[in-house]
Number of protein chains: 2
Amino acid sequence: MNVGIVGGGQLARMLALAGHPLDLRFTFLDPAPDACAAPLGTHLVGAYDDPGMLRQLAAASDVVTYEFENVPEAAIAYLSGHTAVYPGARALAVARDRWHEKSLFRELGLPTAGFRAVDDLAGLKQAVSELGLPAVLKTRTLGYDGKGQAVLREPDDVERAWQQLGGVPLILEGFVRFAREVSIIAVRGRDGELRFYPLAENEHRDGILRSSRCRPADGVQVEAERYARAVTEALDYVGVLALELFQVGDALLVNEMAPRIHNSGHWTIEGAAVSQFEQHLRAILGLPLGDTRALGHAAMINFIGAVPPAAQVLAVPGARLHAYGKRPSPGRKLGHATVVAADAGGMDAALSCLMALV
Amino acid sequence: MNVGIVGGGQLARMLALAGHPLDLRFTFLDPAPDACAAPLGTHLVGAYDDPGMLRQLAAASDVVTYEFENVPEAAIAYLSGHTAVYPGARALAVARDRWHEKSLFRELGLPTAGFRAVDDLAGLKQAVSELGLPAVLKTRTLGYDGKGQAVLREPDDVERAWQQLGGVPLILEGFVRFAREVSIIAVRGRDGELRFYPLAENEHRDGILRSSRCRPADGVQVEAERYARAVTEALDYVGVLALELFQVGDALLVNEMAPRIHNSGHWTIEGAAVSQFEQHLRAILGLPLGDTRALGHAAMINFIGAVPPAAQVLAVPGARLHAYGKRPSPGRKLGHATVVAADAGGMDAALSCLMALV
């Protein structure tokens, strides 16, 4: 079977590593000549909306998926007309626009921070008066890793934020003073079967995920699963979906969804019986889903801007290295390490050792 | 770092799958245009003793290893003169000739079946008179998966076996009525650090490994480790080594060694903390060795001649599929499945389900 992936970055790379043992072949569409998934399949070097490239990708693929949600709508529409595409166009349309996303959560009765669509400065001022400060102004589309966001703390910040981000569709969201950020990875098969991994507790720095710790039997697991079930069933979703949540007191607020394998699920490669990558492939191919059980106390740390020497990473007890083969650059995700330990203390100790390397 | 592999079959393929996360790139030398490792690296299509190909392989590689022991000696000599080669030439020279192999075991004081070198029919008759019948006549080199062997049960079999195998250097070995066959996988680093996996109990059919079951805390583990330690230290070995043993009563007889990753260690991909493939790469690159602990009750079944549909394999609880992407052919190893279960009963049940598929 041939799998096409829109995007050839580390998520595509890890999908391919999970898929070769299932005798899958991969074709990646990515404009970067040095896309890091390229050594694991056929690389179509071209823009995501290049008609000739999309034609080649569709022709080469029994099923197409994607590693990021900002795929041009026209590209997904073309691909959907010529081959199977999972997750489907509706999930992508919702996920690529923060306002549509939050609106879906509200329609489904899921708790979120307050939000308002913002199209001009007057609208921003109106939204601020309704939601209060602090608040966060975000572009509705194309934001990731904290890009396309501004925090408004005082009235003077309103014009400044508008200067920074205005001119594209925006959303203003109430600022959430959360106790912690968690995410849940769900996988839903073509037959509707739904499974969940234990949720991950995430630490961000400068808007970029720094580390995730798997938290089996966490008190909010059931609530997180209920929200992820509502979203995936409403979208008749197929594949892996990540739902990011804020915990405030004992309650969860839904922040955003990612219609794809997700950085906060990288711990599953060694830390779960079957990884999120293999699960995504099983789901989109209509194969039986695998076991989502955690194999121990697992965690993941991202390597951003530089990857420590392999000898240092692998000297940490229980640590495994995942270097993506990307050119180093400040702020760029270049790899990650996972740890799996028999107890929480061992996991924390190993994670501390890894954090000392970066 | 660039790793060269002599051979581009499933062992090379699984090495590459384990090595990409360590940011390794692979070059395979294999005469078969459809070598199944090829999609995971650069494939040099040529004979193992082709000087131009060997020059290219050495130039492309920081370190060279191999996936089978029948590499021409001249090839290893050339490669060793131009780049690092692990395991070293001496280990290969010993392992490629059953008589040298058995002689090493004897020099080290390890118990083996009786054996005699056989160069002509008179020598064979002499050896039979000394070892008795039944006995097994084998080619000293190039045998694998039961090929190049004949069992001698009665005096009349002597001439017949000679007709079948004579003309190349042979070895006659006493026939061992073993209670079971086990193997131990050892890994030794460039600094001499040595680790062992729990031993595997192996079932062969028609000379080909059919299944392996990991047996943690087995009664003969300590003895098997002692033998593997003697062999690896005598050879100043670097990398993964498999030692195959017969159990007779409570004692072990050493049968043969493989200076490479080994089929009876495939269970380690999901069944151990770090797989034999990653360990081999860590060892030959001088990186810290990983944890060899079993993660549960693990087993492996080979798919020979045909691979069952993925949907059937993955429907078995705890089963994982490894299809090698090879053209089907009777008697050819095309893939394997592993199972990891919480208890022995679960493992046996899953293995039975998998055996029913083949």
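Which residue in S9(A) is the bridge partner of A:Ala135? The bridge partner of A:Ala135 there is A:Gly174, and the points below, which concern a predicted model, begin with the sheet to which that pair belongs.

1. The four-stranded sheet of chain A. Strand S7 (residues 135-139) and strand S9 (residues 170-174) of chain A pair in the antiparallel sense over five bridges. They belong to an open sheet of four strands in chain A whose order is S6-S9-S7-S8, with antiparallel pairing. The edges of this sheet are formed by strand S6 (115-118) and strand S8 (149-152) of chain A, each of which pairs on one side only. If direction is ignored, neighbouring strands of the sheet are turned by 20° against each other on average.

2. Helices on that sheet. Helix H6 (residues 121-131) of chain A packs on the sheet and touches S6, S7, S8 and S9 of chain A, its direction making about 170° with that of S6(A). Helix H7 (residues 157-165) of chain A lies across S7, S8 and S9 of chain A, and runs at about 175° to S8(A).

3. A helix pair in chain A. Helix H1 (residues 10-19) and helix H10 (residues 276-285) of chain A pack with their axes 8 Å apart and at an angle of about 75°. Because angles from 65 to 115 degrees count as roughly perpendicular, H1(A) and H10(A) are described as roughly perpendicular to each other. On the side of H1(A) the meeting residues are A:Met14, A:Leu15, A:Ala18 and A:Gly19, while H10(A) brings A:Phe277, A:Glu278, A:His280 and A:Leu281. The residues of this contact divide into five nonpolar, two polar and one charged.

4. The five-stranded sheet of chain B. Chain B has an open sheet of five strands, in the order S3-S2-S1-S4-S5 and with parallel pairing. Its edge strands are strand S3 (42-44) and strand S5 (84-85) of chain B, each pairing on one side only. Within the chain B sheet, strand S2 (residues 25-29) is joined to S3(B) by three bridges, the two strands running parallel, and B:Phe28 stands opposite B:His43 in S3(B). Five bridges join strand S1 (residues 2-6) of chain B to S2(B), again in parallel, and here B:Gly4 stands opposite B:Thr27 in S2(B). S2(B) is mostly covered, with four of its five residues buried.

5. B:Val6, a residue of that sheet. B:Val6 lies in strand S1 of chain B and has 26 other C-beta atoms within 10 Å. Since a residue counts as buried when 20 or more such atoms lie within that distance, B:Val6 is buried.

6. B:Leu165, a residue in a helix. B:Leu165 is found in helix H7 (residues 157-165) of chain B. Is B:Leu165 buried or partly exposed? With 18 other C-beta atoms within 10 Å, B:Leu165 is partly exposed, because the count falls between the limit of 12 or fewer for exposed and that of 20 or more for buried. Leaving aside neighbours within four places in sequence, B:Leu165 is in contact with B:Leu137, B:Thr139, B:Gly148, B:Ala150 and B:Leu170. The C-alpha atoms of B:Leu165 and B:Met355, which are 190 residues apart along the chain, are separated by 34 Å.

7. The contact between the chains. In the predicted model, 23 residues of chain A are in contact with 23 residues of chain B. Helix H11 (310-314) and strand S17 (319-323) of chain A each supply at least two residues of the side of chain A that touches chain B. The residues of that side divide into 14 nonpolar, five polar and four charged.

8. The relation between the copies. Chain A is superposed on chain B by a rotation of 180° with 0.0 Å of shift along its axis (RMSD 0.0 Å), and that is the relation of a two-fold axis. Of the residues of chain A, A:Leu40 comes closest to the rotation axis, its C-alpha atom lying at 2.7 Å. The same surface serves both copies, as 100% of the contact residues of chain A recur in chain B.

Note on methods: Residues numbered from 1 in each chain as written. Chains lettered and ligands numbered in written order. Predicted model: local features only at pLDDT ≥ 70, side-chain atom pairs only at ≥ 80, totals over all residues. Axes fitted to C-alpha atoms, helices over the stretch in contact; angles between N-to-C directions. Parallel < 35°, antiparallel > 145°, perpendicular 65-115°, else oblique. Contact = placed C-beta atoms within 7 Å. Nonpolar A, V, L, I, M, F, W, Y, C, P; charged D, E, K, R; others polar. Pairing = 2+ DSSP bridges. Least-squares fit on C-alpha atoms with pLDDT ≥ 70 in both.
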